[in-house]
Amino acid sequence: MSIPARVAIIDDHPMIRRGVAMTFDDEADFDVVAQGGSAQEAIDIVREYKPDLVVLDVSIPGGGLEAASALMKDNPKTALLMLSVSEDLGTVKAALRAGARAFVSKGTGGTELVRAARQVLAGERYVSSELAARLLSIDELANGAAARSEVDFGRLSTLSTREQQILELLGEGLSNNDIAGRLELTENTIKHYITSLLQKLGVRNRTEAALLTQKSKR
């Protein structure tokens with residue numbers, strides 16, 4: 001049995017913090033080791049407990065973005081997931097620049113929150129499909145995919161049926177493990193298919209591929 005991922009939760013609203021903690025405590029692969037309510041507590045907790053994952057509210061006293069920058073400077077290997085009541089694109093961009101691997105709205109359900117956490121712990125990034133599609137229009141998260149859209153859309157037809165299935169699931173925000181389970185394949189096989197479809201589409205990562213899928217449906 002694998003060792004549960006150690007999680008620290010930082011939010012200045014006790015009820016929200018408790019709810020997030022309960023969400024992770026209900027999952028066997030997570031262990032909530034510490035909780036706090038301010039930027040300074042976030043820094044102190046990470047130094048003491050060295051969690052694998054930090055769930056950090058953007059609006060904590062002392063500033064969630066400031067705390068994120070400090071945490072990533074001292075602990076670059078820590079997986080950082082940021083929560084916010086706002087879906088303002090400027091806030092999302094600032095969180096990603098500060099080192100967050102995921103940005104999740106506080107209106108998100110527990111299932112999606114846990115899925116996002118698992119993805120960032122696996123070295124992936126997570127932004128909801130709706131937010132990712134909006135970010136595409138400002139050409140930051142897409143890293144230039146919008147400028148190549150005409151060529152990329154033509155390349156969609158070069159994908160095999162299986163690659164098209166996987167691309168569709170990427171667009172839904174599923175992790176490699178989730179896709180493997182959905183298609184009854186191994187995770188290594190999914191990684192192989194993703195490498196192939198990225199090359200065919202001429203994009204650099206799964207986020208660009210997912211955003212391309214979103215835009216092709218407009």
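Tutor: Start with E27, which has a relative accessible area of 27% and is therefore partly exposed. The term partly exposed covers values between the limit for buried, under 20%, and the limit for exposed, over 50%. Keep in mind throughout that this is a predicted model.

E27 sits in the loop between α1 and β2. Leaving aside neighbours within four places in sequence, the contacts of E27 are with V114 and R118. V114 is 87 residues from E27 along the sequence, yet the two C-alpha atoms are 8.4 Å apart in space.

The contact with R118 involves charged groups. The side chains of E27 and R118 form a salt bridge, with N and O 2.9 Å apart. R118 belongs to helix α5 (residues 110–121) and E27 to the loop between α1 (14–25) and β2 (30–36), so this pair ties together parts of the chain that are 91 residues apart in sequence. R118 has a relative accessibility of 37%, so R118 also counts as partly exposed.

R118 has another partner to look at. D29 and R118 meet through their side chains in a salt bridge, 2.8 Å from N to O. D29 is in the loop between α1 and β2 while R118 is in helix α5, so here the parts tied together are 89 residues apart in sequence. The relative accessibility of D29 is 28%, so D29 is partly exposed. To put the two pairs together: R118 bridges to E27, and R118 bridges to D29.

Now follow the salt bridges elsewhere. The count for the model comes to six. One of them joins K200 and E163, whose closest N and O atoms lie 2.9 Å apart.

Helix α8 (residues 161–171) packs against helix α10 (residues 187–201) at an angle of about 90°, and the axes are 10 Å apart. The two helices are therefore roughly perpendicular to each other. On the α8 side the contact is made by R162, E163, I166, L167 and L170; on the α10 side it is made by I190, Y193, I194, S196, L197, K200 and L201. Sorted by type, the residues of this contact are eight nonpolar, one polar and three charged. E163 and K200, the salt-bridge partners, are both in this contact.

Helix α9 (residues 176–183) has N176, I179, A180 and L183 as its buried residues. Those residues cover an arc of only 100° around the axis, which means that they lie on the same side of α9. After α9 comes E184, which has a positive phi, near 60°.

Technical notes
Residues are numbered from 1 along each chain as its sequence is written. This is a predicted model: local features need pLDDT of at least 70, side-chain atom pairs count only at pLDDT 80 or more; totals for chains, interfaces and linings use all residues. Side-chain values use heavy atoms; hydrogens and water are left out. Axes are lines fitted to C-alpha atoms, for helices over the stretch in contact, and angles run from 0 to 180 degrees between N-to-C directions. Helices (H or I, at least four residues) and strands (E, at least two) are DSSP runs, numbered from the N terminus. Angles under 35 degrees count as roughly parallel, over 145 as roughly antiparallel, 65 to 115 as roughly perpendicular and the rest as oblique. Contact means heavy atoms within 4.5 Å. Ala, Val, Leu, Ile, Met, Phe, Trp, Tyr, Cys and Pro count as nonpolar, Asp, Glu, Lys and Arg as charged, and the others, Gly among them, as polar. A salt bridge is a side-chain nitrogen of Lys or Arg within 4 Å of a carboxyl oxygen of Asp or Glu. Buried means under 20% relative accessible area, exposed over 50%, partly exposed in between (1.4 Å probe, protein chains only). The arc is that of the directions from the helix axis to the C-beta atoms.
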